[in-house]
Amino acid sequence: MEQKWFKDEIFHYEGLDYVEKKRRMINMQSLLLKKLSDYFLEEGFRWILPVITSKITDPLWPDPGSSIEKRIEFEIYGEKVRVTQSMIIHKIIVCSLFEQKIFTFSPNLRIERSERRNTGKHLYEFTQLDFEMRDSGSRDVMSFVERILKRLFKDLIESGIYRKEMECINEDWEIYDSNELENKFGKDWENLVSGRIDCPVWVVNIPREFYDYQDRITGRWDNYDLYLPDIGEVLSGSRREISYNRIIEKMFRDGVKTENFRILLELSREGKLKECAGAGIGIERLLAWITGEKDVSDVQIFPRIPGIVNYL
Ligand code: AMP
Ligand code: MG
């Protein structure tokens, strides 16, 4: 296996015991969270706390990348609630009604199928750095993400934390259409791309959930994912669909129950949803990429591997 660390070799784990490995990972986690939150605050974002239970959550449908075995729903105070699969709907509402730019570190519970236990990329509990920007479009979000990640890579390199792909800080990251990748690599392009790139790349125009904007005439999706070498998709986002008719049309098309999204639909019918765009970054995947870990569960203090329930 290629050794990705040099300089102080602070993350060269061989010969270290489990406690020492976890201790170093906690330090790295702490550094990453501090840097990311500093960048967002400096860029004028407001930091909000996450929600855990709600009547509304991300349907994660239809998304070709999703593979959910079970959705967690239960009753409290006589009402049915769902555990957050992502804060997408809450983000759009906060951004439309209250604040121009927001971010949160949001715990997501997604009961991924057990078959995903060996992908090294899937967890059933993970954290998204989820953010949303009002009066913004895809290009704004993409250039913002490039700016903060390049700043992160530069800061990490300066702290002696290095992998060669972090050097892609002086160029614009390439953008590929998902159709182009499907033609080149076939249906399994999502799993193949990460092995064929030396720099982060953007993938755009990906068919998925109703809240991503889709041009009515051309059918083109105004959305984007960021892929990192080795680890693959680390971020998904889009310009949002705010037109009531369009949201309803897509919900019917995709078999998504309108009654699960009542407030969002009311706000869009009243014209209260604002043009916005945003994205979510998988913290564990980013951390695994930075530290060179092969499996995302290794960056978790208490691993949440699909199909495996631990004591802690
Ligand atoms: P999504 O909007 O569903 O693509 O999720 C946003 C980001 O969260 C992804 O790009 C990944 O970095 C991360 N993510 C999604 N699902 C998982 C999972 N099961 N385990 C770990 N990270 C995930
Ligand atoms: Mg995604």
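This is a predicted model: local features need pLDDT of at least 70, side-chain atom pairs count only at pLDDT 80 or more; totals for chains, interfaces and linings use all residues.
1. Two packed helices are described by the angle between their axes and the distance between the axes. For H2 (residues 88-97) and H7 (residues 262-269), the axes come within 11 Å and cross at roughly 35°.

2. Which residues in H2 and H7 meet? From H2 come Ile89, Ile92, Ile93 and Leu97, and they meet Ile263, Leu264 and Leu267 of H7. The residues of this contact divide into seven nonpolar, no polar and no charged.

3. Next, have a look at the metal. The magnesium ion (ligand 2) has two residues listed as its protein donors: Glu233, through OE, and Ser236, through OG. These donors lie 2.2 to 2.4 Å from the ion.

4. Now for some backbone details. Most residues other than glycine have a negative phi, and most peptide bonds are trans. Against that background, the peptide bond from tryptophan 61 to proline 62 is cis, with omega near -10°. You will find proline 62 in the loop between strand S2 (53-54) and strand S3 (68-70).

5. Tyrosine 77 is not a glycine, yet it has a positive phi of about 50°. This tyrosine 77 sits in the loop between strand S4 (73-76) and strand S5 (79-83). With a relative accessible area of 83%, tyrosine 77 is exposed.

6. Aspartate 135 also has a positive phi, of about 55°, although it is not a glycine. Its loop runs between strand S8 (125-134) and helix H3 (138-158). Aspartate 135 counts as exposed because its relative accessibility is 55%, and the cut-off for that word is over 50%.

7. Finally, follow strand S8 to methionine 133. Is methionine 133 buried or exposed? Methionine 133 has 8% relative accessibility, so it counts as buried; the cut-off here is under 20%. Leaving out residues up to four places away in sequence, methionine 133 touches several others, among them Phe45, Cys95, Val141, Phe144 and Cys276. How far apart are the C-alpha atoms of methionine 133 and lysine 154? They are separated by 24 Å, with the two residues 21 apart along the chain.

Key: Residues are numbered from 1 along each chain as its sequence is written. Chains are lettered from A and ligands numbered from 1 in the order in which they are written. Side-chain values use heavy atoms; hydrogens and water are left out. Axes are lines fitted to C-alpha atoms, for helices over the stretch in contact, and angles run from 0 to 180 degrees between N-to-C directions. Helices (H or I, at least four residues) and strands (E, at least two) are DSSP runs, numbered from the N terminus. Contact means heavy atoms within 4.5 Å. Ala, Val, Leu, Ile, Met, Phe, Trp, Tyr, Cys and Pro count as nonpolar, Asp, Glu, Lys and Arg as charged, and the others, Gly among them, as polar. Donors are N, O and S atoms within 2.8 Å of the metal (3.2 Å for Na, K and Ca); water is not among the atoms, so sites may look incomplete. Buried means under 20% relative accessible area, exposed over 50%, partly exposed in between (1.4 Å probe, protein chains only).
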